[in-house]
Structure formats: C-alpha cells, structure tokens
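The following report describes how the chains of one model are built and how they meet. Please keep the sequence and the structure open while reading.

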Amino acid sequence: MASTSSHPGRSPRSARTRSARTRMTAAAAAALGLALAGCSAIGTSSASDGDATSTSSGTVTLVAHDSFGLSDGILDDFTKETGLKVEVVQPGDAGTLVNQLVLTKDAPLGDLAYGIDNSFASRAIDEGVVVPYTSSAPAAKDAAQYAVGGSDALTAVDLGDVCINTDHTWFTEHGLAEPSTLDDLTKPEYKDLLVVPNAVTSSPGLAFLLATVGAFGEDGWQDYWTKLKANGLKVADGWTEAYDTDFSGGGGNGPRPIVLSYASSPPFTVPEGGTEPTTGALLDTCFRQVEYAGVLAGAKNPEGAQKLLDFLLSDEVQDDIPGTMYMYPVSSTATLPDDWATWAPLATKPFSVAPDEITTNREAWLADWSEIVIG
Amino acid sequence: MSTATATRPDLPVTGGPGRVARPSRPSAGQVLFWSAAVAVPLLFLGVFFAWPVVVMVGRGFVTDGHLDLSAFAEVFSRPRTWRIVGLTLAQASIATALSVLLGLPGAYVLHRRRFRGRSVVRALVTVPFVLPTVVVGVAFRSLLVDGGPLGFLHLDGTFAAIVSALVFFNYAVVVRAVGGLWERLDPRAAQAARALGASPWRAFRTVTLPALTPAIASAASLTFLFCATAFGTVLVLGGLQFGTIETEIWIQTTQFLDLRAAAVLSVVQLVVVAGVLVVAGRARSRQERALALGAPSQTVRALTLRRPAGRPRGDGHAPALAAAAVTAVVVALLALPLVNLVVRSLRVGDRWGLDHYTALGTTGGALTVTVWQATLNSLRVAVDATVLALVVGGLVALVVSRRPRRTAGRRAVAGLDALFMLPLGVSAVTVGFGFLLSMHHPFGLDVDLRTSPVLVPIAQAVVAVPLVVRTVLPVLRAIDPRLREAAATLGAGPGRVLRTVDLTIAARSVGLAVGFAFAASLGEFGATSFLARPDRPTLPVVIFRLIGRPGADTYGMALAASVVLAVLTAGIVAACERLRAAGAGGEW
Amino acid sequence: MVSRGLDVRRAVVRYGPTTAVDGVTLHVAPGEVVALLGPSGCGKSSLLRAVAGLEPLAGGSVAFDGVGVDRIPVHRRGFGLMFQDGQLFAHRDVAGNVAYGLPATGVRRSSSRRADIARVDELLDLVGLAGYGPRPVATLSGGERQRVALARALAPTPRLLLLDEPLSALDRALRERLAVDLRAVLVATGTTAVLVTHDQDEAFAVADRVAVMRAGRLLQVDAPADLWRRPRSREVAEFLGYEAFVAASSRAADPLTAALARDLRDDDVVALAEGAFVVRTGGGDPDAVKGEVRGVTSRRGRSEVRVDVDGIGTVTALAPVGARFDAGTVLPLVVDPDALAVLPGSDVHD
C-alpha cells in the first residue's frame, strides 16, 4: 500500500465524497422513479390512443407536411359540426410528403392528405395516391382554376408566391438601385449579393428553379443559371440558412441583401415601432406554389376525409391560413390581413410550369441544375 | 490500490480442492434468464431496427416480385457514387483523426488534471454532441459567414467548415472515452519508462499511448460512425457539393424516391460501418489485456501554470502546459458557436432583452403547443427512451460482459456487441422510412404504430442503446471474476450473484448511462422528425419548425429554445457526472 | 571533497499540507545496498520517488557523486526504478521490456541492436530466465514478472537502482527465495541500490544497511545485525518486533541481566524479542522464571507458547517441536540472550 501511504490526507476526503455520491445516487433514483410514475409519454398517452384506434369511425386522420398548423380551436369547431375528431400526422416536409404517401399507398397513413404542391401534384395523381372528389364548398369554384391536368383528385387549398426579396436598408445604405427582374440579377452591380436555397433539398429552391424554367424555357434556363453562378451566386442548404444566415434583412444580419423567399415574407420585417417593412419582394421574379388536399386511396374514413376537405375550404380555415401558414387562401371571399394587402401582394404574372411537365422533367432538371450550380 | 481487468497471475488463484464445483449443468432458471437476456434485446433490435431497414432496403431490390440487383451495376457506374463514397470516407477519416488528435490533450487535461471549474468545462464540451444539427448549423454558419466573427477565415461552405463542425460534435466522444480510461491508468508504468531513460514524450508514445489504444480505437470508431452518418451538418455547412452517402440516401429517398439507388447506397453504408466496427472490435478486445488501473483520486494531479517548485525542466511540465493550451483553444472554439447562440437569443431588434425567452410560453403563432409544453414532451419521451435503452442496453452489456469458454460463444458475444452498434451507422432516413413501411399492423396486430406516439421513444432508444452498452460494459468487464466466485462460495445462487455483484457494481455507471441516453434522446431529431405528432412535438422538432418561419421573433424564439435545450442537456450531463462513482469510468 | 554515491540532505516532500518526508539525510556508498524500512505511511516511498525525481523536493537536496540532481529530470538521472508490481509493459514481450532502457532501442543500426540482444540475453540469464525473451509478459508468473522487472531496471546499468517494495506482492516462500536471488544479483553487478520495504526479513536479507523510517524521519541507520542488537529507541525496537520492555532496575529484569552477563545502567531498558524465553524441558530449577500458558501456536513445526511472566507481561516463548501445553499450566523458562536488546535509557547517551 505504498502509494496510499504517501497521501495520508486523501482517504478521509474520498470517503466523504463517496458517501455524498451515494446520497446523490439515491436522490437520482428517487427522481427517476417519480419521473417514471408521472412523466412517461407512453404511460400518459396509450389510453387515449387506444380509444382513438378503436373508434376509428369517429376520427379522421389528416396527413400534412410539417408546416401545417391552424389556430387553436378551429379543428374543435370541425368536431362540433361533424362529430369527427381530427388526428394530424406530419411525417415530413413538403418535399418528403408525396414520396411518403407513394411509399405507404397500400396502407395509407390517414384519410386526407394536405400540402401536396404543384411540383409534386402530378406524381401523386399518377401514382394513384389520391382518389377523385369534387368538393361542394363555396370556395371550390375558386380552387377549380388550379386543377391539375383535368383531374379532380387534388383540390387547391392555398397558394403563395416564391419571389426574390431585397433588403431595402442595405440598398439605401449602399446607394445602389434595387434589381427588379430575373435578368437584373446577372448584372455586375449585383455581383455576390444573391443567395438562394438549394433546389434539390428545399422546396422554395425548387420553385425558383421552376420560375427560371418558366421564364427562360426548357432550354434557356441553364444559361441563366450559368450567368447567375458567374455573378457570385450563393447556394444555401435550405430556406432557413439562406434567409436567417446569409440574408442581411433576416434574423441573422448576414452579408447578402438579395434572397429567395416568399411574397409574404416582407410584412415580418416591420421593425419594432416602425410602420414599413425593411424588405420587399420582386413581383416579376415569382413562381406560384399551390398547395392541394386530396382524399387518400384506401382511406378508412373517406366520408370524413371529404368533410374535412370541405372544411379546409370553409371561410373559417381560409381566413386563418395567412396568419398560421403564411400562404394566401384560395377562396376569393376570405379576408387577408391588412398588412398583407399593402406589403405582400401576390404577383400578377407569376411564372408557371405545367405540373405534368414538372413530374416528367424534375429529376433531369435537378441533375442539370446540380451539374451547373454545384459542380 | 490497483485492480486488473484480466487475471493477475501473481495473485493466488482460488481453485484446487476447496473450490466449489463449477455448476456442470445450469439450472432451468439460469437458462431461462440468459435466454431472455439475449432474446429481449435481439427482439427489440430486430423489430425496431433490422426489420424496418430490411423492408426499406428490400423495396429497392425487389421489382415486380423478383430480386433485382442490377441497381448495383447501375449505381456504381455513376461517377457521382464513387465521388460520394470518397467524400464520405475523407470527411469521416479526417474529422475522426482531428477529433482524436485534439481530444487526446483534452482527455489528459480534463481527466488527468484537476483545476477549478473542471466539471463545468466537461459539461460544456458535451453540449455540442446533443444539439440539433439545425441549431448548430445556424450557430456555426453565422460565425463563418462573410462579415461574421470568423468570416475572415473564408471557411463558409468549404470542406474545412464541415470537418470542423464534425469535430465540434465529436470532440466530447474522444475526451470522454479516452479520459475515462486515462484517469484510471496507473501512472507508474510511464514512470518506470522514465526511470529507464525515456523522455516524457517517449514514455507517452511507447507506454501510455499503447495502453490507451483500445479506448482510442473505441472512440475513433464511434466518431467515425457519427461522422460517416452526419447529415444535417453536411447539408447545412457544405451543401450538396460535399455530399456523403448519408445525404445522398436522403436525397434519393425523400426527393427522388429512387429506392433502388437508396438501397444500394444503404448497403454500401452498411459495409463501411461494419468494416469500421470489425476493426474497432479487434482493437477493443486488446483492452482485455491486463491493465493496471488505479482510482482517479490517486492518478489525477493538480494543473498549475507555473512549474511546481522543485520540479526540474524537461520533466513533462511543458507538454502538460501545451496540452492545457491546446485544450483551452479547443474549448474556446467549441464555446464560440454556443456563446453566439446565447448572445443572439438575447438580441431583440437593436436592443437586449429576454423577450424571446418570455415568448417560449406561447405558441409563437406557428406551433401547436408552447415551447415549454414541447420541453415537457421531450422530457417525457426521453424518460421512456432512457428506460427502454437502459433495460435493453443493460441486458446487452450483461451478456457481452461474459466470456464464454468456447470460441464460438466468444464470437457470438462479440457479434452481439457489434450488432448493437449498427443503429449508429445506418441512415436515419432509411430507418424512418422503414418505420413507415413496416409499422403498420406489425405482426398482424391491430395497431398502427406509425402514427402512434409510442414509436418516438422506441426510435430514440434504438440510438441510445449503443451509448448505454459502451458505458456499462467496461464496468461489468472490469469486475474481478473472483468476486463472483467468492459470492458463490458464500452460498449465493446464480441469481443472487448477478444481483449482488454485477448489478450492484454496474449501478455505479448507471448514472452516466442515464445521462447519455437522456441527452441523446433529448437531441434526437432524425428519426423523430418522421414520427413526431403535431400534438406532441419534441423540443428539437419545435425548434426546427420555428426556425423555418420568417420573422425575427420566431427566429429569436428558436434560438432561445435552443439555449433551453443546451442548458437542459448540460445540466443533465453535469448531474450524471456527479453521480459517477469513483472508478466507474465509462467508455463510449 | 567529493562524496561518492548518493547523498540525500535534509530532504522534504510535501503533499499539500501533509509532510511525507521531513528532513531526511542519508548517504549510500557506491556498491552499497540500503533498505528503507518502515510501516505504511512512513514516507519511505515518497523519499524513494523524490530521489528518482518523480516527486519534487520541497526542501533539501539530492546529489550523486557530488553532483546535485535536483534540476535533472527523471530520465536523465541514470537511476533505475523497479516497482512492487513490476509495471511491465503489457504490449511488449519479455525481451522488449528488458531492452526498453537500452540505448539502441528504436535505433536501426544493426551493430547496436546486436549489442542490445546480447545484453538482454545476459540479463535474462542473470535473473534466471534464460530463453524467456519472446514470451508475452501476460504468461509470466508473479515471481517471473519481478525477475523481468529487475532485468529491465538493470539493463541500462543504472548508477543507482531504486526498488519500491519489489517483493511485497509475492507470497512468502517465493519472497524469501527471491530476496536471496535479488541480493546475489545486486552484489554480482556491484549495483548501488536503495530498497523500500515494510518487511524486516526482506530488508535484512537484501541490504547492507537498514534505515528505519517513521513519520517522515529516519530513526536509525545501521547494518542489520547492529540494528537488531542495538535498536536505538523503543520505537525502533517495537518496529523490529521486540514485544516486551522491562526497566533494568526492576526485579523482573534480573534473570535477563544475568543472561546478558553485563552491567546495565538503572535507566536502561531491556527489550525482549519473540523467543527471549525458551521452555525448559530438562530438570527443575527452583529459581527458573515461571510462565503461565495462555495459548500455543505453531511455526514451521516448532511450538510457540504465549506465556504470562510476572513483571514482564505476555511474551512468546519457544518450545520443542510437537510440544503441547494446556492453558493455565505453569512452565519453567530459560532466557536466550540473543533475543534480548538493551535500549539506552536516554537517546543522548549514545
């Protein structure tokens, strides 16, 4: 025991520490026990889930992308009206949603799908994920103008424009005139000022690629992107990174004053105590995204799904959409927030590409895009 | 004073005529127990990991009911595939090498030396490991972006940025795994070398380093697994330019629904991961060679800036200082993004304030629950995941800690060990999509597990099990078999031996295991994001949703919520650190 | 005048507030083997580590051949060190361990390597392990490990060899055999050595001189026989195993002084080791010392009887092989002067 002998002062202290540790272990065990008794997710949830499954006729399951959300109480109103309880399942983002629906079409995740956008709409219809249904809601007439390829399997619910946004403050400070068209972005004065999300990994990124396809044609967009790249284009992974990290007008005070975002983004940049947003959308650079809902093939409760789809087109939901999902309601009778009318109007002539054309070419376009832009 | 992990021939062996006859035939109860100990974890892993993965990968290889392996030829004929495999290996190897190089001085300073605030620093370095990648991405990129605090380095969007982020995540893995062993390593072996004329550097290189090799190998393999399957970090910091197998699986699956390519890539990933596990397993098994271990109280020395009076030059003080300096720089660099996060969460417009923290009590207009409710959800899910991981991981560790007499048995045990590491090395997308395909009425049961909240803690437990195993196993392996024999000679049945010896001693490491399982569950986002239901989102899911909305307020809220997650994690890790009994080190 | 060998002057070693070595002065001549003997916690290992350079001195100095080594780091002192549990390098084989301290380890020059190989063989031969070179150290027995550790420590021909409890981890029979071998090897190689041990038999068997240490100080440094015969204080005597102490002036001391056949001062104390009394088997002597039996034990066949002696207390007396006594029996005892020592009444009169 030679080495303990050389540290005579040690043993009492380590004994003390050990007893303290024992106490703490006991305390932790007790805490864990309490946590187990009271805080288990499985423990508290299984009972209610059991109910939900056994009375499936009384519930309708909505499969939505992860941006879906409505104000408190709205889905309760639906339950009051119809007696149907709504379960919401959000298995992924907008881009992932359709592929998940395609994969699970033999055993669908729910009854109604919401959030399929026009870049994926044809695939959903072609794969037979959704079944035809014609809504009788008043807003259905407004929705009809966005019908995909003559099919009534998908019903438009809301829409939005993906546009180039600019940071007014930055341009004022630098005494530079703001760009206004897609072509402006390739000019030398705007070198190193633009950031866009990746078209492969982000749905607004894909929308902007489609805008350029719409603007320059199936054979012209490649040249445009080559010029953009030569002009110092920055590609961020997603909208969040582009807007919050690289964009000078977003949350992160980044270095670039031009970003790809939404027509509805500017109202969110009204500074505290101010009246005007510090950013604006370039309405000649937009691609229109339309989000659809559709009754899933093989739904357990197709009638419930139809009722819920009608409800999504009701004024109550349509009025709520701008505030919670930052999209424009498809209904012409819905009311928009005041600042939207002023600061976030829709583009009058957005670029567009036919959904079936998108479905046919998307992978090839993305491959080309990657080749040109990422290299 | 010192214990050995293997038999020490210089101690009298309990044996001979007085020895209690080895039970020649195990009782029915024993057979039942050990069968269950093997079967329960295997069943768990099989149902909640292997089956979903097989179903998902199978989709890619079966066309019209026939096995079709032409996808291999097709995928491997693409130059892109080879580039991606190369990038994956390059990123993971470089990041692993750097993590080890920086982690070794860190392990020495944080585990072999004593100084004020050491436990705080130890908790701090663990925080990055569990932060959601989306948060780290924002915190990291806003530092590196042009005009950011580190913008002058022009690292944004470079390979170097990805590698440094991977090191940021995995530094703690090396520090903890190596430090856990180092603090118990008997310093006298190195002293013997010094007395034989070896300089401090030579003694380290030829004596200490070989003794640490198993722990280094173990840490490196874990780090490699984490790096090779890094997904969010790579996309956020490097984009597709530096795509890896993992990001490619994600793109092929979620964006292109090219399941054939995804399946091939999953197999490639599995092969790479299995290769790493085999190499690591070999290196780890060398740990079973006798190592003289001491209690940390005897091996840990105080860290002083000045050379202690009476200690000559060239006696290892300078290298110790160098290690301290390297560690200080690394910790400062680790802290930068974290500090950045905190600072930015306190910025409200042009002023400072707690507004974003106050807003955590609201839904921020974008969520279905408040952030505090999501925090509570996270904690609840983490409790379930931790209990599951402890039970399953504990059983695995118990089984793997045995050394069967027959070679076949030993191989089976080693295989089981490697098997439970696999969840760390398989794409979360493959597992997540696999759940969607396989958890509908599993085994014909009338339950749709895909949309059940029960699946979330299970998915997290699958990831936490390897951490529990790596933490508990070394402690169980270090139990002197003579202790069990002594208990048996005192009349204890096999069950009681297990209870009074194995479990009692393993319980000392349970605090640590609980901490890691809990932290891993709190931070898990990959599989959870495919499963979390909107009425019960976890904290990382909520942060992800907040950050995906425009507006400075939701952005600030997201940062504040990230700080809450970081503090929660650090607190839990620090608490578990205190629970860790002397000598009950963990290797993970 | 340059003093040859090791010179420790007023060495002090502290651990925080605790003083482990408190002003020790010790000289070890070239070729001499000195044992530091003391109970656990007396500071002997700390002193050894300070000489090796593993612990910093808080005061005093260490010099070798007249040159101070305080500012020289461990590996340049040329002192070898051998630990209680050998501390063999598990990842090297036996030869690799022995060769570790040789100059050509890691050097590619084949001539030096050949010299190394020869040196390793020579040392393995010396410690009785010829042909063990390629064996993994894990396959060695405890005694073999210590032999390898000794060979390894001797290989670089250290000018001073420090041995920290080199035999304590071994069982007794092996320890006694190895102590003899260790002494033989040290003498054969002419190695100057300091040995730390708590085992008196080991110290006596291996060392030329023994330094008894207690509470950080040296109590006495002497050749084994002198130490045994003339412990300087009751403390030393007690540590050496003297179990009873009787004032020379007391009547109970009379048979002891008679056996010693010399005059004692009144304040001297007579110390009795085990076996100071031997059970008398022959005829009765009415004047013989009487002891009442308390219990009997056996050591190597010979009976040891715990007896109560009036005015002295309970002591251990030796009896012939196989002798059995019942408790309470009163036995006649004779005194063995070799198991007696006289402690001077006051340390000043030395």
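A residue is called buried if 20 or more other C-beta atoms lie within 10 Å of its own, exposed if 12 or fewer do, and partly exposed in between, with the C-beta atoms placed from the backbone. By this criterion, 43% of the 350 residues of chain C count as buried, and 57% of the 588 residues of chain B do. The model is a predicted one, in which local features need pLDDT of at least 70 and side-chain atom pairs count only at pLDDT 80 or more, whereas totals for chains, interfaces and linings use all residues. Residues are numbered from 1 along each chain as its sequence is written, while chains are lettered from A and ligands numbered from 1 in the order in which they are written.

**Chain C: overall build and sheets**

Helices (H or I, at least four residues) and strands (E, at least two) are taken as DSSP runs and numbered from the N terminus. Chain C has nine helices and 18 strands, and its C-alpha atoms fill a box of roughly 80 × 45 × 35 Å along the principal axes. Two residues are said to be in contact if their C-beta atoms, placed from the backbone, lie within 7 Å; among the contacts in chain C between residues at least 6 apart in sequence, 67% join residues at least 24 apart.

Strands of a sheet pair through backbone hydrogen bonds, either parallel or antiparallel. Two strands are counted as paired here if DSSP finds at least two bridges between them. On this basis, four strands of chain C form an open sheet in the order 2-1-4-5 with antiparallel pairing, and its edge strands, each pairing on one side only, are strand 2 (18-28) and strand 5 (67-68) of chain C. Helix 1 (residues 44-52) of chain C packs on this sheet and touches strand 1, strand 2 and strand 4 of chain C, its direction making about 115° with that of strand 1 of chain C. Such angles run from 0 to 180 degrees between N-to-C directions, and the axes are lines fitted to C-alpha atoms, for helices over the stretch in contact.

A closed barrel of five strands, with mixed pairing, runs 13-16-15-14-17 in chain C, and the twist averages 50° from one strand to the next.

Strand 9 (residues 209-214) of chain C is mostly covered, since five of its six residues are buried. Strand 9 of chain C also takes part in two of the pairings listed below, and in its hairpin with strand 10 of chain C, which has two residues between the strands, Ala215(C) takes a positive phi near 50°.

| Strands of chain C | Sense | Bridges | Example of opposite residues |
|---|---|---|---|
| strand 1 (residues 6-15) and strand 4 (residues 59-64) | antiparallel | five bridges | Leu6(C) and Phe64(C) |
| strand 15 (residues 302-309) and strand 16 (residues 313-321) | antiparallel | eight bridges | Val305(C) and Ala317(C) |

**Chain B: helix packing**

Chain B has 23 helices and eight strands, and among its contacts between residues at least 6 apart in sequence, 82% join residues at least 24 apart. The axes of helix 1 (residues 28-61) of chain B and helix 15 (residues 371-400) of chain B come within 9 Å and cross at roughly 130°. Angles under 35 degrees count as roughly parallel, over 145 as roughly antiparallel, 65 to 115 as roughly perpendicular and the rest as oblique; helix 1 of chain B and helix 15 of chain B are therefore oblique to each other. The contact is made by Ala37(B), Val38(B), Val40(B), Pro41(B) and Phe44(B) of helix 1 of chain B, together with Val392(B), Leu395(B), Val396(B), Leu398(B) and Val399(B) of helix 15 of chain B. With Ala, Val, Leu, Ile, Met, Phe, Trp, Tyr, Cys and Pro counted as nonpolar, Asp, Glu, Lys and Arg as charged, and the others, Gly among them, as polar, the residues of this contact divide into ten nonpolar, no polar and no charged.

Val135(B) lies in helix 5 (residues 133-144) of chain B and is buried, because 28 other C-beta atoms lie within 10 Å. Leaving aside residues up to four places away in sequence, Val135(B) touches Ile543(B) and Ser562(B). Val135(B) and Ala561(B) are 426 residues apart in sequence and 9.8 Å apart in space, C-alpha to C-alpha.

**Where chain B meets chain C**

The contact between the two chains takes 28 residues from chain B and 33 residues from chain C. On the side of chain B that touches chain C, helix 7 (188-195) and helix 8 (200-228) of chain B each supply at least two residues, and helix 7 of chain B gives the most, with seven residues. The residues of that side divide into 16 nonpolar, five polar and seven charged.
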